[in-house]
Number of protein chains: 2
Amino acid sequence: MFEGPVQDLIDELGRLPGVGPKSAQRIAFHLLAADPADVSRLQDALQKVKQGVLFCDLCGNVSASERCRYCADARRDPTIVCVVEEPKDVLAVERTREFKGRYHVLGGALDPLAGVGPDGLRIRELLARLGGTGPASDEADISEVIIATDPNTEGEATATYLVRLLRDFPGLSVTRLASGLPMGGDLEFADELTLGRALSGRRAL
Amino acid sequence: MFEGPVQDLIDELGRLPGVGPKSAQRIAFHLLAADPADVSRLQDALQKVKQGVLFCDLCGNVSASERCRYCADARRDPTIVCVVEEPKDVLAVERTREFKGRYHVLGGALDPLAGVGPDGLRIRELLARLGGTGPASDEADISEVIIATDPNTEGEATATYLVRLLRDFPGLSVTRLASGLPMGGDLEFADELTLGRALSGRRAL
């Protein structure tokens, strides 16, 4: 244990996710020796995030203004909506450069053990968009919802729940990301669940 | 790339040592969802460290007051001084519970390539303590200096430099931490430098 403000900073840094005691110590001594202007920039960034970050009123992604850059982009197709759990999943889909529609960020996945039920996710907002009562006027004709929640227990449960809700919308196509072998992988080392999914999802060539 | 304040925070966090882009993103979203009181505590800790941390005027360790807890402790032997590079090395020596003397924190090691020469370290302060002109009145009779710089190139160079300076103090015993095989290790896997040091430093049983 160090004394005084240095130990306080180490303690606070150590509370952050993925920062162990050694990293916290290293970061604290880095900041101690750093240019005060660098520390000020970090403080300002914290202050701005604490004061509140804007979320897109349509998709729920983090945003610099009322509407995020994807929802505000007139070149994107407003009739296809990709449903993801978190803002970072939007980035992951964007990196593929394969998707040119809009997003809907749920803010997590159903997780009863952690107390996250349907009301804790942005599902009501999704239904409003599909029903034509969402905040955007050009979304009356959404034709496809791609459910891109994570391929784990919570994500699969959320997908199943959404599919059941979205069946009620006539003419709406609901799809799910394919599960299967990761590209560049090795069949021998695939876990049985993934290999089973790859088998049941096999495609005609 | 996210938009607005979230990305600014991710950028600032990513500049910290040992925090990669993924960790920075994870920490930023953690802080975004965290209790504002938690964020405030981190901000306060940063502010206090930026405003300046006290260093012990005797040993140079980080301190809550003018004199650190080790130098202020009357039960510790003022005649033995352990010279280390950084405050975290003081903690490492303390954890052994083997040392009951005082410390001297150099603030680094000689590293000409990085522009750290003798004037960049607290060597003058060490000489003052040994010469009886340091800030503590009870240090006139320092009998031993243990050089506990790191066992790497810079630490060894610093130790060699200090030994040459400290030879001039009559009656002063200058020692260096033993190098050798780490306890619990395996002779087979020891690197040749370590094994060589262990051989040349062998002791009679």
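A: What follows looks at the interface and then at the sheets. This is a predicted model, in which local features need pLDDT of at least 70 and side-chain atom pairs count only at pLDDT 80 or more, whereas totals for chains, interfaces and linings use all residues. Residues are numbered from 1 along each chain as its sequence is written, chains are lettered from A and ligands numbered from 1 in the order in which they are written, and side-chain values use heavy atoms, with hydrogens and water left out.

Let us begin with the interface. On chain B, 48 residues are in contact with 48 residues of chain A, where contact means heavy atoms within 4.5 Å. The size of an interface is often given as the accessible area lost when the parts come together. Here the area buried between chain B and chain A is about 4,500 Å², and carbon and sulfur atoms give 69% of it; buried area is the accessible area (1.4 Å probe) that two parts lose on being put together, summed over both. Of the area that chain B buries against chain A, 15% is supplied by Glu3(B), Pro17(B) and Leu46(B), more than by any other three residues.

Between chain B and chain A there are 16 residue pairs in polar contact, both residues being at pLDDT 80 or more. A polar contact is a pair of N or O atoms within 3.5 Å; within protein, one must be able to donate a hydrogen and the other to accept it, and residues adjacent in sequence count only if both atoms are side-chain atoms. The elements that give two or more residues to this side of chain B include helix H1 (4-14), helix H2 (21-33) and helix H3 (36-51) of chain B, where helices (H or I, at least four residues) and strands (E, at least two) are DSSP runs numbered from the N terminus. H3(B) gives the most, with 13 residues. By class, the side of chain B that touches chain A has 27 nonpolar, 8 polar and 13 charged residues; Ala, Val, Leu, Ile, Met, Phe, Trp, Tyr, Cys and Pro count as nonpolar, Asp, Glu, Lys and Arg as charged, and the others, Gly among them, as polar.

Across the interface of chain B and chain A there are 4 salt bridges, a salt bridge being a side-chain nitrogen of Lys or Arg within 4 Å of a carboxyl oxygen of Asp or Glu. Arg41(B) forms a salt bridge with Glu12(A), with the closest N and O atoms 2.9 Å apart.

Now to the sheet of chain B. Its 4 strands form an open sheet in the order E4-E3-E5-E6, with parallel pairing; two strands pair if DSSP finds at least two bridges between them. Strand E4 (101-105) and strand E6 (173-176) of chain B stand at the edges with a single partner strand each, so one side of each is left without a neighbour in the sheet. From one strand to the next, the twist averages 25°, where axes are lines fitted to C-alpha atoms, for helices over the stretch in contact, and angles run from 0 to 180 degrees between N-to-C directions. Strand E3 (residues 77-84) of chain B is joined to E4(B) by 5 bridges, and the two run parallel; in E4(B), Gly101(B) is the bridge partner of Asp77(B). H5(B) lies across E3 and E4 of chain B, at about 155° to E4(B), while helix H6 (residues 123-130) of chain B lies across E3, E4 and strand E5 (144-147) of chain B, at about 150° to E4(B).
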